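Welcome! Please take a look at the sequence and the 3D structure below, and keep both at hand while you work.

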Amino acid sequence: MRFLKVILLLSLAAATAACARPLPVFGDVPDFVLTDQTGRTVTNKDLAGSVWVADFIYTGCATACPALTQRMAELKRLARLVTFTVDPEVDTPERLKAYSERFGAEPASWSFLTGPVEEVRKTISEGFKLSAQKVDADVFHSEKLVLVDARGRIRGYFDADPEGLEALRRAVRRCRESSKESS
């Protein structure tokens, strides 16, 4: 019995220490100038001061993207959301607006962004360090959710499965707490 108590206390101490470690910094979100689903210009500077979660989809996708967007919708009370299209040639603001409305996205708290092909690709590949490539009519892209802190730093990449979403929720809370402490 005593041995179990020691093991339990050691496990609790390890878990507490893991939570106390700061989140890694993977880099800064790059400068970008894109257009949201309402036709409004959005830059990375517009997101400064907010903890936000990004994902990458295209409206012509019938499988992974709607599921990914649904996972994002589950986070809308937790953080600001930003969805980047990986097919800007097709995904106009009007098309993104129709898509976003299917998921109950409020433009004030969830932006769906598009823009010039090179600007979008540079933002995704060089800025977020994720892949997105169009081959004929198919678009291959990362399905990671990306956490960005209030200072515009990438703090984590998360899977959109239940374990990844829970880890993301914890990380968002930690980002919020650390941004309050540094204010």
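The exercises below each come with a worked solution.

This is a predicted model, in which local features need pLDDT of at least 70 and side-chain atom pairs count only at pLDDT 80 or more, while totals for chains, interfaces and linings use all residues. Residues are numbered from 1 along each chain as its sequence is written, and side-chain values use heavy atoms, with hydrogens and water left out.

**Exercise 1. Find the order of the strands in the open sheet of six strands, and name its edges.**

Start with the terms: helices (H or I, at least four residues) and strands (E, at least two) are DSSP runs, numbered from the N terminus. Two strands pair if DSSP finds at least two bridges between them.

Next, read across the sheet: the order is β1-β10-β9-β4-β5-β6, and the pairing is mixed. At the edges stand β1 (27–28) and β6 (110–113), each of which pairs on one side only.

Now zoom in on one pair. Strands β9 (residues 145–148) and β10 (residues 153–158) run antiparallel and share four bridges. Leu 147 has Gly 156 in β10 as its bridge partner.

**Exercise 2. Describe the aromatic pairs of Trp 52 with Phe 128 and of Tyr 99 with Phe 112.**

First, the rule: rings of Phe, Tyr and Trp (its six-membered ring) pair if their centres lie within 6.5 Å; planes under 30 degrees apart count as stacked, over 60 as edge-to-face and the rest as tilted. The count by this rule is nine aromatic pairs.

Trp 52 and Phe 128 are edge-to-face, 6.3 Å centre to centre with 80° between the planes. They link distant parts of the chain: Trp 52 is in strand β4 and Phe 128 in the loop between α4 and β7 (132–135), 76 residues apart. Both Trp 52 and Phe 128 are buried (under 20% relative accessible area; exposed is over 50%, partly exposed in between, with a 1.4 Å probe and protein chains only).

Tyr 99 and Phe 112 are edge-to-face too, at 6.1 Å centre to centre and 70° between the planes. Tyr 99 lies in helix α3 (residues 93–102) and Phe 112 in strand β6, so this pair ties together parts 13 residues apart in sequence. Tyr 99 counts as buried because its relative accessibility is 3%, and Phe 112 because its value is 0%.

To finish, ring pairs join Phe 32, Trp 52, Phe 56, Phe 84 and Phe 128 into a cluster.

**Exercise 3. Is Lys 129 buried or exposed?**

Locate Lys 129 in the loop between α4 and β7. Lys 129 counts as exposed because its relative accessibility is 57%. Its phi is near 60°, a positive value in a residue other than glycine.
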